[in-house]
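Please look over the model below before reading on. The notes cover an interface, a set of paired strands and a division into domains.

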Amino acid sequence: MELQPRLTKHYIKEALDNERLRSAVERATATSVQKRDEKVAEVPYWEELRHRAHSIKRQVIENLDIYLEAFETNAQKNGVQVHWAANDEEARRIIHDIARENNVETIVKSKSLTTEEIHLNSFLIENGFETLETDLGEYIVQLMDQIPSHLTAPALHLDRKDIGKIFHEKLGVDYTEEPSELLAIARTTLREKFLKADMGISGVNFAIADSGCFCVVENEANARLTVGLPKVHVAVMGMEKMLPSFKELGTFLKLLPPSATGQKQSVYLDMVGGALRQQLGEGPENVHIVILDNGRSSILADPQLRESLFCIRCGACLNICPIYQQVGGHAYGWVYMGPIGATLISQYLGNSEGRYSPFVSSLCGACYQQCPLRINLPHHLLKLRNQIVDDRKTGQLERMGIKMHAFLSRHTKLYRFLTWFPGKFQQLLPKKMAFPAPGYTKHRQLGRFDSKGFRKRFSEMQDSKK
Amino acid sequence: MVMPMKVALFIPCLSEHLYPQSALNMVKVLKHVGAEIEYVDEQTCCGQPAFNSGYRKEIVPVAERFINMFHSKECVVAPSGSCTAMVRKFYYDLDIRDELKPARDELAGKIFEFTEFLIDIMNVDKLGGSFPHKVTYHDSCHLNRELGVFEQPRKLIHGITDIDFKEMSHSDTCCGFGGTFSYKFKELSIKMVERKCRYIEESGAEFCIGADESCLMNINGYLRKHNMNAQTMHIATLLAKSLNL
C-alpha cells in the first residue's frame, strides 16, 4: 500500500467515516495514555530526566559528525561493516548487494521502522527475496499489505476480527478471534521462518559511539532471534540515533519504555557488539550497519527544527494527540504519523508533497507535554507552516485574505467600518444562515455578531457611571 | 496603601465583535479588585490568526503596531489565553525591528491573561460571591500549556462560596477549535468538539466555564446545535455574576 501525504484530507475523511477504525484507535490510545501516565508517575525525577535527555541529544546532534566517525571506527574494530546511504535508493541497493553476495534467499526482519521509510520490503520481495516481518504487529500489517499505523503498535488500527480474518485468508488456518490462539498461529509460522532465514534485518534504537555497539529495545525477542540466528545481519539506522557512551544510555532507557508501552522496562535489551560467531560459536558471521541520511542532514541545518532529530520514536505524542486519536496513523499518509509525523513529512518530502501535513493540528501542545525528549512539536509545526506559506504552497485566496486582514489591522477606522458590516449584515439574515462561514455549521451553530461591539458598550458603561 | 494598578485592556477580536459581555464583565471584576481601567482606542488584532496559518512576515507590522501601542502601559490584561500567548511568546518568532525589541520584551513581561492577573499579580485569594450551580472547567490549550495557567482559574472558581465544582474527565483535551484548523479540517474538528461536549455532559455540569472565548464559541456551537443541556460561560462572567456586579 502506497500512501501520499498530499492526500491527507482525503484519508482523514475516510478515517472519520470508518467507525470500527475510530473506535479501535480511540480505545488503544486511551489505554496507552493511561498506562504511560501510571508508569511515568513511578519514575523518580521524570522532568529532570526529560531535560537531561534533551541536552544529551542536543550535544549529540550538534556534533553529529564527530560521533558518527567515532562510531564507524569503533564498529569496524568490532568487525562490523559500516555503510553510508545518502538516500533511500542507496540504502536499498546496499542491502540488496549484501543479500546477493551472501546468496540469501530468506530474510527475517524485526523492529525497523526505518526500513519502512526506505520502502525496503516491497523492493526486496520484487527482487526475489522472501522477506518477512517477525514482530506480531508488523507481521499482521504486512499480511494485509498495509504500512504501520503507529510507531510502536503497527496494527493499532485493527481489531481482533480483522486479524482473525487475515490469518484465515493468508495462512489458511481456521478463523479464530481468540488472542491467545492468534498469537500461537503467528508464533508457529514465524519460528519456522527464523530457522530457515539466511539474513536478518533489524533497526537500531541507540548506537553507542565510543564502543561501536548498537542497541535494540523490544518485548517479543524477535530482534534477538533476527540478530542471532541467520548468518548475516544488517542493521538499518537513521544517522541521528547516536549516543556518546553507555553512560548516557541509562537516561534513555528510563524514558523510552514508559513513554512507548507504559512499561517500567522493556522485556529485552539487545546489544550487538559485532560479528562474534568465530569466538563464541554462535551469532551472525557478518554484521553490517547501514547509516541512513535520507534528508536528515538538511533537517540538521535548521537550529530550531533540528530538534526533530532528537525523536526516539516512542509514539507518546501519537497516543495523546486528539487528532491521531480520531483518525489513526494512515490518515497522515506516510510512515511517520501523529504530531512528529506532521513535522517530519514536509521536512523529508518537501513543501509540495507535505503542504498539508503541518496544518493537521489544532496546535494544542499535548504532544510537547508528553514527549520524553521535550521536542517542542507545536512550535515546529508553526515554523513549518511558515515555510510552506513562504514557499507559496497555500491558496491565493487565503493569501489575499491574510494580507487584507493584516492591512486592516493597521488601520483602525477602516478595520472598524469593515468589521461593523458583517455584524449588521448577519443580523439581517435568518439565524440559520451561516454567514460568514458557509459549510462550518453542519454540526455547530455559529456565533452571532454583537450589535454594538465591546468598544461602544464599554464607553456607554463608562458614561453611565459619570 | 498600595497604589491602584492601572490596567490597559486588550480586547481580542472575538470579545470585541461577538462576546462583548464577558469582556465587560472582566472590566467589572477588575474594578472590583481595585484596578483602574484604560482602553486603548486604536487597538485591533494581535495577528494570531495569520501567525497560526503560517503568515509571519505579513503580520510583523501588525505586531509592531501592537507593541508600540501597549509597551508603555503599566500592565495589559486580556480575557484570552491564546491572544496573551501570541504577544508574550510568539512575538519572539517574528522579525521585529531591532529598535522595537526592547519594547517587545517589556510588553511580554507585563501582558497577562485575566485569571493569571487576578491570582498572580493582584494576589486575589478568594472573591467570595454566590453561584449555586454545578460547573466544570475547560482548560484552553494555549492558556494551560503555553502560559502554564492551570491552577489560577480553579482557585477563582473554588473561591465562590456555594459553587459546586466538578472536574470533567480530560479537562485539558483540546476542544478542536484551533482557529482556522476548525475550518480547514471541519469534520475532524467536529469530532473533537463532540468528544469534549461528551465529557462536559458526563460531568453533569450546568455550566462549562472557560477562559478563552474561542473555545467557548466552538463548544457552545456544538452544544446548541445538538440541544444539549450545558451552557458555556466565560470565567469573567461567572465571577461578575457571583459577585452581583
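In this predicted model, 49 residues of chain B are in contact with 47 residues of chain A, two residues being in contact if their C-beta atoms, placed from the backbone, lie within 7 Å. Local features need pLDDT of at least 70, and side-chain atom pairs count only at pLDDT 80 or more, while totals for chains, interfaces and linings use all residues. Residues are numbered from 1 along each chain as its sequence is written, with chains lettered from A and ligands numbered from 1 in the order in which they are written.

**Interface, side of chain B**

- Helices that each supply at least two residues to the side touching chain A include α1 (13-17), α2 (20-32), α4 (60-70) and α12 (213-225) of chain B; helices (H or I, at least four residues) and strands (E, at least two) are DSSP runs, numbered from the N terminus.
- The most comes from α11(B), with 7 residues.
- By residue class, this side has 25 nonpolar, 11 polar and 13 charged residues (nonpolar: Ala, Val, Leu, Ile, Met, Phe, Trp, Tyr, Cys and Pro; charged: Asp, Glu, Lys and Arg; polar: the others, Gly among them).

**Strands of chain A**

- In strand β2 (residues 106-110) of chain A, 4 of the 5 residues are buried (20 or more other C-beta atoms within 10 Å of the residue's own, C-beta atoms being placed from the backbone).
- β2(A) pairs in the parallel sense with strand β3 (residues 130-133) over 4 bridges, where pairing requires at least two DSSP bridges between the strands; Lys109(A) is opposite Glu133(A).
- β2(A) also pairs in the parallel sense with strand β4 (residues 199-202) of chain A, over 4 bridges, and Ser110(A) has Ser202(A) as its bridge partner there.

**Domains of chain A**

- Chain A has domain 1 (43-294) and domain 2 (396-465), with bounds from an automatic or database domain assignment.
- Their C-alpha centres lie 55 Å apart.

Methods: Buried ≥ 20, exposed ≤ 12 C-beta atoms within 10 Å, placed from the backbone.
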